[in-house]
Amino acid sequence: MVTAAIPASPVEVLYADHHGWLKSWLRRKLGCSDQAADLAHDTFLRLLTTKEILTDLAEPRAYLTTTARRLMLDKLRRERIEQAYLQALALAADSLQQAAPSPEAVLGAVQAVEQLAAALATLAPKGREAFLLHYLEDESQPAVAQRLGISVRMVQKYLAQGLVRCQHILSA
């Protein structure tokens with residue numbers, strides 16, 4: 001029984017006739033045999049997926065080099081985009097690290113707030129409220145006096161007492 005030979009596809013013929021040459025050409029261009037092998041593979045893969053008719057090419061090597069060059073350009077563009085993306089990520093990471101306080105700084109701030117809260121807890125209720133309204137809510141002394149129903153002079157006295165207590169606690 002004789003089996004009929006299956007005719008080779010145009011890509012198979014191109015591959016058999018020109019793969020070694022294309023790989024050598026790419027190795028000279030790229031300076032790396034591994035990259036050359038990958039790109040030669042990608043070139044023939046591109047030919048397999050093309051809709052163009054590959055039979056009777058007048059200059060098959062010119063066609064292969066044109067396809068390979070386009071793939072090299074595509075690869076170069078992807079690498080440039082990837083590099084720009086990685087640089088943007090690195091800049092974002094640097095800015096995040098600079099913006100975020102260290103754990104030691106956070107602990108120090110928490111301890112300072114706790115000390116100030118302890119100092120303010122020793123003030124009279126109106127004195128504590130006057131201090132918080134003026135220094136935290138940024139209200140003027142006359143506005144604090146009106147809100148608490150006391151004189152501006154009394155507000156000034158409360159603020160002075162609060163500052164002295166805070167200074168005493170923080171310097172201890």
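So, R28: its place is in helix α1, where helices are DSSP runs of H or I with at least four residues, numbered from the N terminus. R28 is exposed, at a relative accessible area of 60%. For that wording, buried is under 20% relative accessible area, exposed is over 50%, and partly exposed is in between, with a 1.4 Å probe and protein chains only. The areas themselves come from the Shrake-Rupley method.

Before I go on, this is a predicted model, so local features need pLDDT of at least 70 and side-chain atom pairs count only at pLDDT 80 or more, while totals for chains, interfaces and linings use all residues. Residues are numbered from 1 along each chain as its sequence is written, and side-chain values use heavy atoms, with hydrogens and water left out.

Okay, what does R28 gather with on the surface? R28 sits with R27, K29 and R69 in a patch of positive charge. Helix α1, residues 10-30, gives the most to that patch, with three residues. To get into a patch, a residue needs over 30% relative accessible area and no salt bridge, and like charges are joined within 9 Å. Lys and Arg count as positive here; His and the chain ends are not counted. The charge is placed at NZ of Lys or CZ of Arg.

On to salt bridges, meaning a side-chain nitrogen of Lys or Arg within 4 Å of a carboxyl oxygen of Asp or Glu. How many does that rule give? The count is five. One of them joins D74 and R46, at 3.8 Å from N to O.

Now look at R147. Its bridge to E137 has the closest N and O atoms 3.8 Å apart. R147 lies in helix α6 (141-148) and E137 in the loop between α5 (125-135) and α6, so the pair ties together parts ten residues apart in sequence. R147 has a salt bridge with E139 as well, at 2.6 Å. And R147 is partly exposed, at 48%.

Last, the overall layout. The domain assignment, automatic or from a database, gives domain 1 (10-99) and domain 2 (103-171). Their C-alpha centres lie 69 Å apart.

How values were computed:
Patch = residues over 30% accessible without salt bridge, like charges linked within 9 Å, V, L, I, M, F, W, Y side chains within 5 Å. Areas by Shrake-Rupley, 256 points an atom, 1.4 Å probe, with all protein chains shown as cover. Helix = DSSP H or I, 4+ residues; strand = E, 2+ residues; numbered from the N terminus.
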